[in-house]
Amino acid sequence: MLNTKFPRLVGDIGHPDTFPFPIKRLMIDEANSRNVVIDGEVGLADAFCRGARRLEEEGACAIATSCGFLACFQKELAQSVSIPVGASALLLVPLIAQLFGNEKKIGVLTARKSSMSDRQLLACGVDRRAIALEGMEDTEFYRVYVENKAEVDKARLSSEILERGMNLVARDGGVGAILLECTNMPPFAGRLRSSAGVPVFDVRDLVWALHRATCGYKE
């Protein structure tokens with residue numbers, strides 16, 4: 001997890017009640033929303049790999065991260081441990097594209113569009129031509145989760161997620177599905193899911209898949 005002060009509501013990957021199974025949270029002290037999302041994660045790979053090894057030693061059966069921009073470390077993290085690692089919800093994009101065919105793009109809603117480089121996309125097997133990208137710049141969501149604000153107006157953030165998500169739906173004939181790249185978006189995505197008219201995926205789908213595959217799953 002990043003070292004942040006912003007609130008984590010139920011649905012956020014960092015909230016202990018988001019999942020009905022045990023979660024061990026490990027903060028990487030030197031990583032924060034600014035140096036990961038804005039500055040480009042320079043020099044942080046070793047710290048995250050050390051954290052991954054520590055979690056494995058403490059009994060974790062799978063690992064995820066609290067920021068989709070850590071996609072750039074997917075290979076390094078996966079190679080540093082013997083358990084599966086899902087560094088970003090972006091890993092779901094190739095699967096979603098196959099599920100819905102190639103006629104429409106996958107809409108990706110990200111915290112900061114200008115920071116989403118080919119480095120993150122290629123690390124997760126994502127072809128930029130297959131996605132439509134929308135960012136949260138100039139919103140209260142951005143101020144909370146990128147600029148690390150301590151208070152949150154849930155209704156306002158829900159409206160912003162709805163607006164930016166519907167921008168994707170309306171763009172160029174629409175999209176076949178939407179992926180919420182940012183791990184902080186799920187608590188505010190209810191209105192988008194009920195209004196978009198297309199499936200909406202997020203990092204929780206990835207975490208559930210990891211848990212069911214590695215930690216045991218009972219019908």
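Start by selecting Asp138, which counts as exposed because its relative accessibility is 72%, over the 50% cut-off. Keep in mind that you're looking at a predicted model. Asp138 sits in the loop that runs between β4 (131-135) and α6 (140-145). Now check its backbone: phi is near 65°, a positive value in a residue other than glycine. Most residues other than glycine have a negative phi.

Next, go to the loop between α6 and α7 (154-170) and pick Asn148. Here's another non-glycine residue with a positive phi, this time about 70°. Is Asn148 buried or exposed? It's buried, because its relative accessible area is 18%, and the cut-off for buried is under 20%.

Now for some empty space. Rolling a probe the size of a water molecule over the atoms shows where such space is left. The structure holds one cavity of 30 Å³ or more, and the largest cavity has about 100 Å³ of space in it. To find it, select Val37, Cys67, Tyr145, Cys182 and Asn184, which are the closest to its centre of the 15 residues that line it. What kinds of residues make up the lining of the largest cavity? Nine are nonpolar, five are polar and one is charged.

Last stop: helix α4 (residues 93-100), where you'll find Phe100. Phe100 counts as partly exposed because its relative accessibility is 39%.

Conventions:
Residues numbered from 1 in each chain as written. Predicted model: local features only at pLDDT ≥ 70, side-chain atom pairs only at ≥ 80, totals over all residues. Heavy atoms only, no water. Helix = DSSP H or I, 4+ residues; strand = E, 2+ residues; numbered from the N terminus. Buried < 20%, exposed > 50% of the residue type's maximum accessible area, 1.4 Å probe, protein only. 1 Å grid on protein atoms, 1.4 Å probe; cavity = no way out; pocket = protein on both sides within 12 Å on 5 of 7 lines; lining within 4 Å. Points joined across faces, edges and corners; volume = space filled by probe spheres on them. Nonpolar A, V, L, I, M, F, W, Y, C, P; charged D, E, K, R; others polar.
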